[in-house]
Amino acid sequence: MRSRSAVIAASLLVILAATGILAWQAQYAVNSHRAAAESVLRDYAALAADELVRRTAVQVGYQGYYPLVTALAQSFEASGDIEHAVRLLNEQGDERLRLALPLSKRYFVFEPSSGQVYFAGKESPSEEFLNWLESRLETPPSETSAPYFVAHGDVEGGPVTAVFRPGPPIVGFQVDLPALEELVRKAVMASPLLPPSLGRGEVTNDVIFASLVDHGGIERFRSSGTYRADFGVVTYFDDHYGGVLAGSRVLVSVDPAKASDLVIGGLPPSRLPVFLGLTLLTATLLTTLVLDLHRERANQKLRSEFVASVSHELRTPLAQIRMFAETLHLGRVRSNDERQRAIEVIDREARRLSHLVENVLQFSRAEREAIAVSPEAHPLEPSVLEALEQFHPFVSGKGIQIKTRFEPGVEAAFDPDALRQVLLNLLDNAMKYGPRGQEIVVGIESIKGGARVFVEDQGPGIPRDERERVLERFYRLERERNSAVGGTGIGLAVVRELVSRQRGRVFVESGPTGGTRVAFDLPAGPDPEVRP
């Protein structure tokens, strides 16, 4: 009896220990998911910080320092006296100059021949500031083609900034650093710091904390909210726009309450209490726990692979956009043809990025059963042609030809936006998996009870036993997993979801030239279903 009890007790202890270990493993998986979600939020904070740095540098440099120092130089050339030049400056009616005037704390002119600095205004500068300024003005900048120069320093235990225009004589002004707050606020309020497509237009600047700290460590701007270091980033201005804010930095974080709008699955709560409670259950419940853990790990693996794939797909167009934008910004193009090519690449990659983000959003809506379509009877040809026109930049320069085979006058019940997303996905697949220089055929034909739209490529085709599986989420052909062709594994899943929401069906078959033919049927009206 005692032996049997000992066996039962030992069995219970083993079950409890095993359940505890499984609970720990499950919590580890959830923590990994949470860490991945937090990493994505930090990436979005970095994206917003880069945008804020760019906007603020442009706002301060182009809308502030440049018009003010330029107008000051012109006024001094006309008057020959710094006091008179300042009066002329304040009498001008230019709106851009009026907005820049509060940036000046005091004006000065430096005569290299005499080595003297003359100031305008009643308040005289301290000797330490004068010595610091003279040391900057006496050493001419190496870059003489710049319209103005900015010097940053620390005087009497506080930060100072001076902006001057090369001469002789050299004219400039000391920056009133607290006045930067208004320019930073304008930069923040100009438009959302994150692309609206990332959060379905609901992630506004209200959920982003932003702070600007100058080169002396003094905070010059702070938005509402609280900085969350675990979801935030610190980005320095460095030499953006001629170093107008060199040494300054911005702190940006995203409100984790909006994680569900930015990250698929959001920030998962801890499930440790739930799993600890399972330690009191029987072996049957333990088996249920093991199965649940297996599903959790499988979902975690799928989500991790999905996040990695999406991150990889987003990184390429972002890198292209940034590279060519910097090329244009720095004026490194050698001809109008190169400039036009850079603009075309930025446009193409921005479209590609928008398409990828829209796919992820549609997939996220499908996961939450939140896709809404409004199918109505329309002619198919105009909407299909519109989608082809939007896709044209993606195939530009690749030697791909898109042929149409439309049966005239075909109508069906569909949602135009959903149809456009379906066609863009199918065309994108045909372009990626077909050979360079191929011919893609897009067709419309009438069928009993509705209409059929198809896209044919000249790729290697899809094996018959995998034609249904490619419509599942995250599924990719084995031959494509280790290939250089990118993909997230959700494109055809989004297609099937959008078509089914319009009471249609999708199927895959071989094309007439041996490639792949993906077709979808739509009903003639919003009520009847299409029959095979």
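User: Which residues have the most contacts inside the largest nonpolar core?

Analyst: They are Y65, L68, Y107 and V252, in a core of 57 residues. The parts that each supply at least two residues of this core are α1, α2 (82-91), α3 (95-100), β1 (104-111), β5 (170-175), α5 (180-189), β6 and β9 (249-254). The largest share, 17 residues, comes from α1. Apart from this core lies another of 42 residues, including A418, M431, V453 and V508. This is a predicted model: local features need pLDDT of at least 70, side-chain atom pairs count only at pLDDT 80 or more, and totals for chains, interfaces and linings use all residues. Residues are numbered from 1 along each chain as its sequence is written, and side-chain values use heavy atoms, with hydrogens and water left out.

User: What makes a set of residues a nonpolar core?

Analyst: The members must be buried Ala, Val, Leu, Ile, Met, Phe, Trp, Tyr or Cys residues joined through side-chain atoms within 4.5 Å. In soluble globular proteins, nonpolar side chains tend to be buried together.

User: Why is E456 called buried?

Analyst: Buried means under 20% relative accessible area, exposed over 50%, and partly exposed in between (1.4 Å probe, protein chains only). E456 has 6%, so it is buried. Of the 532 residues of the protein chain, 44% count as buried.

User: Where is E456 found, and which residues is it in contact with, leaving aside neighbours within four places in sequence?

Analyst: E456 is in strand β14 (residues 450-456). Helices (H or I, at least four residues) and strands (E, at least two) are DSSP runs, numbered from the N terminus. Beyond those neighbours, E456 is in contact (heavy atoms within 4.5 Å) with R405, E439, I440, V441, P512, T516 and R517.

User: What makes the pairing of the E456 and R517 side chains a polar contact?

Analyst: A polar contact is a pair of N or O atoms within 3.5 Å; within protein, one must be able to donate a hydrogen and the other to accept it, and residues adjacent in sequence count only if both atoms are side-chain atoms. The E456 to R517 pair is at 2.9 Å, and E456 to R405, also between side chains, is at 3.4 Å.

User: How do you know that R517 lies over the face of F454?

Analyst: A charge sits over a ring if NZ of Lys or CZ of Arg is within 6 Å of the ring centre and within 35 degrees of the ring normal. R517 is at 3.9 Å from the centre of the F454 ring. The charged end of R96 likewise sits over the ring of Y62, 4.1 Å from its centre.

User: How many aromatic pairs are there, and why is the pair of Y66 and Y148 called tilted?

Analyst: The count comes to nine. The Y66 and Y148 ring centres are 6.4 Å apart and their planes at 45°, so the pair is tilted. The pair links distant parts of the chain, 82 residues apart: Y66 in helix α1 (residues 2-79) and Y148 in the loop between α4 (127-138) and β3 (149-155). Rings of Phe, Tyr and Trp (its six-membered ring) pair if their centres lie within 6.5 Å; planes under 30 degrees apart count as stacked, over 60 as edge-to-face and the rest as tilted. Y65, Y66, Y107, Y148 and F173 form one aromatic cluster.

User: Is Y148 buried or exposed?

Analyst: At a relative accessible area of 10%, Y148 is buried. Y66, at 31%, counts as partly exposed.
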